[in-house]
Amino acid sequence: MTDKVAIITGGSRGIGRVTAIALAARGFRVCIGYASNEAAAASVVSAIEASNGKAMAVKCDVANESDILALFKAADKFGTLGALVNNAGIIGTTSRVDEMSAERIQRMMAVNVTGSMLCAREAIGRAH
């Protein structure tokens, strides 16, 4: 087992879940960032641990810089960062631009763009 950690935002379901399990199978310790579904995140951790991997789940809304900092701090205690998968993203209930409120667009940009950039900033700052 390596001490290399992979952080996966949006790692509790879908592509993030599959990616988390695949990285664990390759020897990474996996730090799963999830926004709201704690049960789904715990399920991924359990699946990884059942295969003798190491994983943890950290509640993290990537639209919130303090949550991102807490996610990376937790990962730092888990090992040395070796990978970041910026998987978290949202669209909302409809994808029709003519039906989007300004608040919804701002939330989408905060999660999909700003959050990914802040996570990349934190990862780059840890590169050795």
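Predicted model: local features only at pLDDT ≥ 70, side-chain atom pairs only at ≥ 80, totals over all residues.

Reader: Okay. Which elements does the protein have, and in what order do they run?

Author: Helices (H or I, at least four residues) and strands (E, at least two) are DSSP runs, numbered from the N terminus. This protein has four helices and four strands, and from the N terminus on they run β-α-β-α-β-α-β-α.

Reader: How do I read the radius of gyration?

Author: It's taken over C-alpha atoms, and the globule rule is 2.2 Å times the number of residues to the power 0.38. With 128 residues, a compact globule would be near 14 Å; the protein has 15 Å, which agrees. Its C-alpha trace spans about 50 × 30 × 20 Å along the principal axes.

Reader: How much of the protein is buried?

Author: Buried means under 20% relative accessible area, exposed over 50%, and partly exposed in between (1.4 Å probe, protein chains only). Buried residues make up 38% of the 128 here. Strand E1 (residues 4-9) is mostly covered, with five of its six residues buried.

Reader: Which strands does E1 pair with?

Author: Two strands pair if DSSP finds at least two bridges between them. Six bridges join E1 to strand E4 (residues 80-86), and the two run parallel; in this pairing, Val 5 has Leu 81 of E4 as its bridge partner. E1 also pairs with strand E2 (residues 29-34) in the parallel sense, over five bridges, and there Ala 6 stands opposite Val 30.

Reader: And what is Leu 69 in contact with?

Author: Contact means heavy atoms within 4.5 Å. Leu 69 sits in helix H3 (residues 65-78). Leaving aside neighbours within four places in sequence, Leu 69 is in contact with Arg 121 and Glu 122. Its C-alpha atom is 8.5 Å from that of Cys 119, 50 residues apart along the chain.

Reader: Is Leu 69 buried, exposed or partly exposed, and why?

Author: Leu 69 counts as partly exposed because its relative accessibility is 38%.

Note on methods
Residues numbered from 1 in each chain as written. Heavy atoms only, no water.
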